[in-house]
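Hi,

Here is the model I promised to pass on.

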Amino acid sequence: MRAESVKQYSGAGESNLGAEGAAAPLRVAGFYTLFRTELTLAVRRRSDIVNPLLFFVTVLAMMPLGIGPEPEMLARMAAGLIWVMALLATLLSQESLFRGDYEDGSLEQLALQPQPLYFPVLAKVLVHWLVTGLPLALLSPLLGMMLNLGEAGYWPLFVSLALGTASLSLIGAVGAALTVALRRPGLLLALIIMPLYVPVLIFGTGTVQAALDGYSYGPQMAILGAILAAAAALAPLAAAGAIRISLEN
Amino acid sequence: MQFQFDSFASFIAMNGHGPYVWVSYVVALLVLVALVVQPLLRQRQLRRDFGRQMRQEEARRRTAEERQPQPEPTTAS
Amino acid sequence: MSWQWFHRLGSPRWFYQKTSAWLPWLGAASVLLLSVGIVWGLGFAPQDAKQGNSYRIIYIHVPAAFLALAGYYIMAFCGAIGLIWKMKLSFVVMRAAAPIGAALTFISLFTGAIWGKPTWGTYWVWDARITSMLILFFLYLGVMALSGAFSREQSGDKASALLALVGTVNIPIIYKSVDWWFTLHQPATLKLTEASTIDPSMFYPLITMIAGFYLFYAWVLTLHTRSLILQREWRTQWVRELFAPAARA
């Protein structure tokens, strides 16, 4: 399965180089091909989608067992619990973001192509978000219901998770790229990335809390959007640099 | 400017806040001292390792010379 | 004006030889300033009207916190220079700065917690600045862990430099978000009144301590850098020549 993806990467690169000479369309076309390939691969490896979701649901089901079933207390903690678990689920799934490509050599091939690594990284992160972050966000109202979250919180929870997990995927990609050459990066990845997740977590839960308290949650949502925009601009650059460092190792 | 405490005992006690103040100062100073000592110990360790290796090389070269007496002018390293 | 000094600055050997002369002076000056500051702060500065004698912890706590934060920027700056100009020495300084910064962050957290007990009645409060300090501590630990995780030294240098840079971009965002989070959650009973004006008789020893900590930082950073240089350049001719007299004795 991986070998096939390698073929497609290089095939796309060649045909584009032959057909269109201009740099900009080439980048965008490369982005689209890579995105489609990655998405196909991700959908085929079903465990990549299902496992983070299962983790998310299982751990959240443990929570009332640990802290007690009182509805008021669960309601107060629901937003924070759901957000922290979403953060952990994203983090755990991030380790494999570049691993397969690193091990079979296609990451090196990507780095050798004339295009900058920015767009390939963005494509991979986008796919990662589509198969982990977005399903998490879609599932979150159900868990909110189980944890007795107020009804006013459902929509903000979904939107903040959808925006926030995209930022988490982008930031985590830097850590995944930095640790891809290491043999067992799991805990190290968590250690280096967790502190960088703090602003997203704060404004993510802040959004839900504001809605629950009956305030407008627009400002917090706007800040989450701003974080996402900044992360989308900067994180793939940092991740591209990190990939080149890892490939030297 | 004058010393703020009547006696040494009251300086230690600091009106009941003594334990907090002294623990903070002692721990902080210990960490600072460790920061100074650690690289010095490391350097000494490096020097010792280097000396050991030098002596081993020296011994090896001497046994080699005894087997093969060739006056080879080696520059001191 | 040539760039020769710049290239010489990048040579670990040059650094080692140059700093041999400075070290005793730096050490003596910092020990002197710190001793004066400690005696002044512990014995001669007047009692605080509200906090009594417990406020004397400030003379350790504030300078350590200052240097902990400044140290992160120093570390990241050295990492950036290393990445841009491929300067060997600046990576060494960056590596040396990480454990020092972590130690100073620890001091400021520890003394802050001890100070909290007589002032607020508990050792730990999720106050904005304490929380930010804790996250800074994690950032330091992440850089240290990542730099040690690579078997190839140069990869560890570059990867941890990149991580330090990413952290630098994030620190202001983390600080702002934690600040906002704290104003949101601040319990009414816990008012952290800020002494906006500080009496000169208390301020001068503080300034002395801050200056002492800066000198101490420079001293210790030089010491750590020198021992790392020797460790790295172990097999080079100049280190052999340096060590040879001691080895013969």
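This is a predicted model: local features need pLDDT of at least 70, side-chain atom pairs count only at pLDDT 80 or more; totals for chains, interfaces and linings use all residues.

Residues are numbered from 1 along each chain as its sequence is written, chains are lettered from A and ligands numbered from 1 in the order in which they are written, and side-chain values use heavy atoms, with hydrogens and water left out.

**Chain C overall**

Chain C has eight helices and zero strands (DSSP runs, H or I of at least four residues for helices and E of at least two for strands, numbered from the N terminus). Of its 249 residues, 54% count as buried, where buried is under 20% relative accessible area, exposed is over 50% and partly exposed is in between, using a 1.4 Å probe and protein chains only. Among contacts in chain C with a separation of 6 or more, 78% come from residues 24 or more positions apart (contact: heavy atoms within 4.5 Å). The accessible surface of chain C is about 11500 Å², with 68% of that belonging to carbon and sulfur atoms (Shrake-Rupley, 1.4 Å probe; for residues, only the protein chains shown count as cover).

**Aromatic pairs**

The whole structure has 10 aromatic pairs over all chains. Rings of Phe, Tyr and Trp (its six-membered ring) pair if their centres lie within 6.5 Å; planes under 30 degrees apart are stacked, over 60 edge-to-face, and the rest tilted. One of the pairs is C:Y16 with C:W238, tilted, at 5.5 Å centre to centre and 55° between the planes. C:Y16 sits in helix α2 (residues 12–44) of chain C and C:W238 in helix α8 (residues 237–248) of chain C, so this pair ties together parts 222 residues apart in sequence. C:Y16 is buried at 4% relative accessible area, and C:W238 is buried at 9%. C:Y72 and C:Y140 make an edge-to-face pair, 5.4 Å centre to centre with 70° between the planes. That pair links helix α3 (residues 58–85) to helix α5 (residues 128–149) of chain C, 68 residues apart, and both C:Y72 and C:Y140 are buried.

Back at C:Y16, the charged end of C:R226 sits over the ring, 4.0 Å from its centre (NZ of Lys or CZ of Arg within 6 Å of the ring centre and within 35 degrees of the ring normal).

**Salt bridges**

There are 12 salt bridges over all chains (a side-chain nitrogen of Lys or Arg within 4 Å of a carboxyl oxygen of Asp or Glu). C:E233 bridges to C:K88, with the closest N and O atoms 3.5 Å apart. This one links distant parts of the chain, from the loop between α7 (200–232) and α8 of chain C to helix α4 (residues 88–120) of chain C, 145 residues apart. C:E233 is buried at 12%, whereas C:K88 is partly exposed at 49%. Salt bridges with shared partners also join C:R95, C:E153, C:D157 and C:R232 into one network.

**Surface patch**

In chain A, the residues A:L142, A:M145 and A:M146 form a nonpolar surface patch with about 330 Å² of accessible area together. Patch members have over 30% relative accessible area and no salt bridge; like charges are joined within 9 Å, nonpolar side chains (Val, Leu, Ile, Met, Phe, Trp, Tyr) within 5 Å.

Cheers
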